Structure formats: C-alpha cells, structure tokens
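Please read this short report alongside the sequence and the model shown below. The sections move from the terms used, through the overall build, to single residues.

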Amino acid sequence: MNTGVISSRYAKALLKLVDETGNGPQVCEQVKLLLEDPEKAAAMQLCDELQRFVRLLIRNERSQYLKMAFVTFLDLYRDSRNIHSAHLTTAVPAPVLEKRLADLVREKTGGEVELHSEVDPSVIGGFIFEIDDYMVDASVSRKIEDIRRQFIDRNNRIV
C-alpha cells in the first residue's frame, strides 16, 4: 500500500481526535517539538491524544509511518485552521520586516501566520520569504547571480 495513503489516514484520524477533544493547539505544539528535536521531546510528557495515537500506530505495526503522519497532521491542522507557515531569511535580524510581512499575510489571507526567521549572512542583503508554496527572493545574492548570468548570456562564454 502507498506510504502516503497510510500516513494520511492516520493523520486525518489524529486531526479528528483533536477536533473532538479541543486540544489541537497543545497537540500541534508537541508534534512540532517531536519533529524538530526528538531527543529533547523524549523527556516531555505527551498529551493523552498523542499517547493514544502512538499506541495505535504501534499496535497496528505502523510505527514506521509515525514521522510522515505527524508531518501530514501538521499540514491538515494548519489548513483546517487557516494557518500559514512562512519562513523568512535575512542577512541580519529584521524584527520590523518580520512584523510587516506577518501583518501583510494576515491581511491578505484572513488567517494566522507561523513565521520562522533565520539569519544567513550569505544572503548579503534583502530577504528571502517563503510562504506555503510561494517564494519571493529579494536578496542581494540573487541579484548578483542574475547579473552574472546576464553577463554570461550576453558574452556567450562561461565565467
């Protein structure tokens, strides 16, 4: 059977369970922590819904689908609550830009934003903003690469 179908079915079941119990935000945060840092998460006490979910996977001999089911659950949870996951990469910390982009996304979508920021000096300047399946690359490094490619195209040689 298709791995994606199996994990999707279990993820939908977990989503239905958290919808019934109303404990979605806590489950979502714990799932994120489990995916980001399993060693740190091993020390924490899982909520009842996650304990039941993991026991179900183990009992049905589907534990190999746990990670994929968690990723799918997060996607389904965000979709059901109109939460958009965004990633911002800048050369230096830019809290004002973070706030402006989050406000813009809230205004345009009417939903919430989970904005993750990263500082990467190789960007040189500007920013790279990714949300859902879209990316805006307004970085200086990208502009330099565009200029380099134009130069190569115009001169018909490899630099």
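## Terms and basis

A residue is called buried when its relative accessible area is under 20%, exposed when that area is over 50%, and partly exposed in between, with a 1.4 Å probe and protein chains only.

The model is a predicted one, in which local features need pLDDT of at least 70 and side-chain atom pairs count only at pLDDT 80 or more, while totals for chains, interfaces and linings use all residues. Residues are numbered from 1 along each chain as its sequence is written, and side-chain values use heavy atoms, with hydrogens and water left out.

## Overall build

The protein has seven helices and four strands, where helices (H or I, at least four residues) and strands (E, at least two) are DSSP runs numbered from the N terminus. Read from the N terminus on, the order of these elements is α-α-α-α-α-β-α-β-β-β-α. The protein is more spread out than a compact globule, because its radius of gyration is 20 Å, well over the 15 Å that the globule rule gives for 159 residues. That radius is taken over C-alpha atoms, and the rule is 2.2 Å times the number of residues to the power 0.38. Along its principal axes, the C-alpha trace of the protein spans about 65 × 35 × 30 Å.

Of the 159 residues of the protein, 32% count as buried. A contact means heavy atoms within 4.5 Å, and among contacts in the protein between residues at least 6 apart in sequence, 63% join residues at least 24 apart.

## Surface and charge

The protein exposes about 10500 Å², of which carbon and sulfur atoms supply 53%; accessible areas come from the Shrake-Rupley method with a 1.4 Å probe, and for residues only the protein chains shown count as cover.

For the charges, Lys and Arg count as positive and Asp and Glu as negative, whereas His and the chain ends are not counted. Each charge is placed at NZ of Lys, CZ of Arg, CG of Asp or CD of Glu. On this basis, the mean positions of the 22 positive and 25 negative charges of the protein are 3 Å apart.

## The cysteines

A disulfide is a covalent bond between the sulfur atoms of two cysteines. Here a disulfide is taken as a pair of cysteine sulfur atoms within 2.5 Å, and by this rule the count comes to zero. Cys-28 is in no disulfide, and the nearest cysteine sulfur to its own, that of Cys-47, is 11 Å away. Cys-47 is likewise in no disulfide, with the sulfur of Cys-28 as its nearest cysteine sulfur. Cys-28 is buried, with a relative accessible area of 2%, and Cys-47 counts as buried at 7% relative accessibility.

## Two buried helix residues

Lys-32 lies in helix H2, which covers residues 24–36, and with a relative accessible area of 11% Lys-32 is buried. Leaving aside residues up to four places away in sequence, Lys-32 touches Leu-74, Arg-78 and Glu-114.

Val-105 is found in helix H6, residues 95–109, and counts as buried at 9% relative accessibility. Not counting residues up to four places away in sequence, Val-105 touches His-84, Gly-110, Val-113, Phe-129 and Ile-131. Val-105 and His-84 are 21 residues apart in sequence, and their C-alpha atoms are 8.3 Å apart in space.

## Residues in two loops

Glu-61 is in the loop between helix H4 (48–59) and helix H5 (66–80), and has a positive phi of about 55° although it is not a glycine. Gln-64 also has its place in the loop between H4 and H5, and is exposed, with a relative accessible area of 53%. Gln-64 and Glu-145 are 81 residues apart in sequence and 41 Å apart in space, C-alpha to C-alpha.

Ile-124 sits in the loop between strand S2 (112–119) and strand S3 (126–131); although not a glycine, Ile-124 has a positive phi of about 70°. Val-123 is placed in the loop between S2 and S3, and at 2% relative accessibility Val-123 counts as buried. Its contacts, not counting residues up to four places away in sequence, include Thr-89, Thr-90, Ala-91, Ile-128 and Ser-139. The C-alpha atoms of Val-123 and Ala-138, which are 15 residues apart along the chain, are separated by 9.3 Å.
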